[in-house]
Amino acid sequence: MTKQENRQMKTDKKNLLQRFILWREQHIKEKQFILFVSFLVGIFTAFAALLLKVLIHWIQSMLTDHFSISQANYLYLVYPVVGIFLTGLFVRYVVKDDISHGVTKILYAISRRKSRIKRHNTWSSIIASSITIGFGGSVGAEAPIVLTGSAIGSNLGTLFKMENRTLMLLVGCGAAGAVAGIFKAPIAGVVFTLEVLMIDLTMSSLLPLLISSVTAATVSYVLTGQEAMFQFHMDQPFELQRIPYVIVLGVFCGLVSLYFTRAMNWVEGIFGRLATPLKKLALGGVMLSVLIFLFPPLYGEGYDTIELLLNGTSNAEWDTVMNNSFFYGHSSLLGLYLMLIILFKVFASSATNGGGGCGGIFAPSLYLGCIAGFVFSHFSNEFDVTPFLPEKNFALMGMAGVMSGVMHAPLTGVFLIAELTGGYDLFLPLMIVSVSAYLTIIVFEPHSIYSMRLAKKGELLTHHKDKAVLTLMKMENVVETDFSVVHPEMDLGELVRVISTSHRNVFPVTDKDGTLLGVVLLDDIRNIMFRQELYHRFTVEKLMTATPARLNHEDSMEQVMQTFDETGAWNLPVVDADGKYLGFVSKSKIFNAYRHVLVTFSEE
């Protein structure tokens, strides 16, 4: 095919799409079309989730099926480094963009990029995370698939020229479909979108989210069967006398979540200070390979360990978690072994992403929660705490607790674990653990591991309507630059001539380099500005006053409004990092922009 024929084909496709968009606008109402697009998003995200799971399991089985269970396997020292290296090459030379911190990127796209996510995110995270996790990276596939699903929703909406508010909803539909598709958990998909991505719950938003979530879950059921992701059979029903221990478990899970969050940020900070990708690969590869070599359950997502702890009924079965390691055959060290895994899991996950890999913290939080719940009940039973605490039940509850704490999403923790395992009979204790863990961690961390980076920059969209609207506003859109600038050496006569051509009553004073020195207020000189005998006696330097405050061009709108409230000013100057004058921001301009964004942001 020649270049001319190729260009002609692209032109024909573009014209066909434009004709379809025009036809749709004339014959299909916007609300109905949104439902149709949300249905497509559900289908595509389900297939994306299935593809990712197949790739990961295929790579893992190809690499590890021949491993010995009774001794250490030295290839654990090699595979993770190779996986991070290959992922780094793929991201650096093929994607050429940062694709880590998937959920954080979604939150940023919603708040600062008008819900537009780059097209490559519809496929790049699938390939990168399958390589990382398949070769042993100690992270999860869920955050990458959530980014993929949101990118599918965003790009479908962009393709059909849908407005920004609808794009935000379709991003949420993609996330809901991704969670529902990979976990077979439709309710958790919707709740995750509402709690973590903070999409407002209205009837017009709920229906598309439900359609995407149910569609993705249905496709997963059809293709992979109707069984829950983790088979869980409750041998001992929940008893009310265990409630105090369930609450204590929730507090313990909250503290584990706090440790996970802060340790991960600390380790990622260390990697962030390394100058080159090669140094990051060296440090991350060594950390990860050594940890996996010593603790093989840290290899990959760790779902095999979760399955074992949820379904095991005796020490003989639980001891198999130490297979492939130096701890094999030392059943008395099971509790210590699992506690060490809790301690080192965060380092393995951080090393994976910091070294150049791609993955999320969904699976690590489930993994840590399961082990934390098991260890809590196992040690309690070892010390003959009454009543008896069933390990598998508490392992299940621990999953909900740590997930709720890490993500600051108690409802997501409850519904996801119930749907993942079919453990609906434990719904009450799941709720108790989730709430207890959440209440514990918010004492120390007001934001989740996903949102804390954006919250520090004032770029986080929240359910608080005023804060959400301010987050969507940008400083550059409210800065006014039509103020007449004067200089300190000018006399009163020159100042009056400037005033005569201006419609403002505030005049910024700058030096020759443009640095803001102060302002001249019209009210301050009104009594002398018509006395010509004083025109050469006074200079701007004598007439100017200091400003009550200065705004930085990088300040968030929430910081701007706080400064206005503190000073009581109506106009405030804006300067750059070097103090050079850029313009003024006025309350009236902010209020007008606020009303415009509020109308656009709100539902009808």
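At what angle do helix H7 and helix H8 pack, and how far apart are their axes? The close-up views below come from a predicted model.

**View 1. Helix H7 packs with helix H8.** H7 covers residues 164–183, and H8 covers residues 186–195. The angle is about 145°, and the axes are 7 Å apart. H7 passes H8 in a right-handed crossing. From H7, the contact uses Gly172, Ala175, Ala176, Val179 and Ala180. H8 answers with Pro186, Ala188, Gly189, Val190, Phe192 and Thr193. Eight residues of this H7–H8 contact are nonpolar and three are polar. None is charged.

**View 2. Helix H10 packs with helix H16.** H10 runs over residues 243–272, and H16 over residues 391–407. Their axes lie 8 Å apart at an angle of about 45°. H10 and H16 are therefore oblique to each other. The crossing of H10 past H16 is right-handed. On the H10 side, the contact is made by Tyr245, Val246, Leu249, Cys253, Val256, Ser257, Phe260 and Thr261. On the H16 side, Phe394, Met397, Gly398, Gly401, Val402, Gly405 and Val406 take part. By class, the H10–H16 contact has 10 nonpolar and five polar residues. It has no charged residues.

**View 3. The largest pocket holds about 860 Å³ of space.** Its lining counts 32 residues. Closest to the pocket centre are Gln60, Gly302, Tyr303, Asp304 and Thr305. Helix H2 (30–64) and helix H12 (303–311) each supply at least two lining residues. H2 gives the largest share, six residues. The lining of the largest pocket divides into 15 nonpolar, 10 polar and seven charged residues.

**View 4. The second largest pocket holds about 690 Å³ of space.** Here 24 residues form the lining. Nearest the centre of this pocket lie Pro277, Lys280, Gly354, Gly355 and Gly356. Four helices are named here: H3 (79–95), H10, H11 (277–294) and H14 (334–354) each supply at least two residues of the lining. H3 gives the most, with seven residues. By class, the lining of the second largest pocket has 10 nonpolar, nine polar and five charged residues.

Definitions and conventions. Residues numbered from 1 in each chain as written. Predicted model: local features only at pLDDT ≥ 70, side-chain atom pairs only at ≥ 80, totals over all residues. Heavy atoms only, no water. Axes fitted to C-alpha atoms, helices over the stretch in contact; angles between N-to-C directions. Parallel < 35°, antiparallel > 145°, perpendicular 65-115°, else oblique. Left-handed = near helix turned anticlockwise from the far one by under 90°. Contact = heavy atoms within 4.5 Å. Nonpolar A, V, L, I, M, F, W, Y, C, P; charged D, E, K, R; others polar. 1 Å grid on protein atoms, 1.4 Å probe; cavity = no way out; pocket = protein on both sides within 12 Å on 5 of 7 lines; lining within 4 Å. Points joined across faces, edges and corners; volume = space filled by probe spheres on them.
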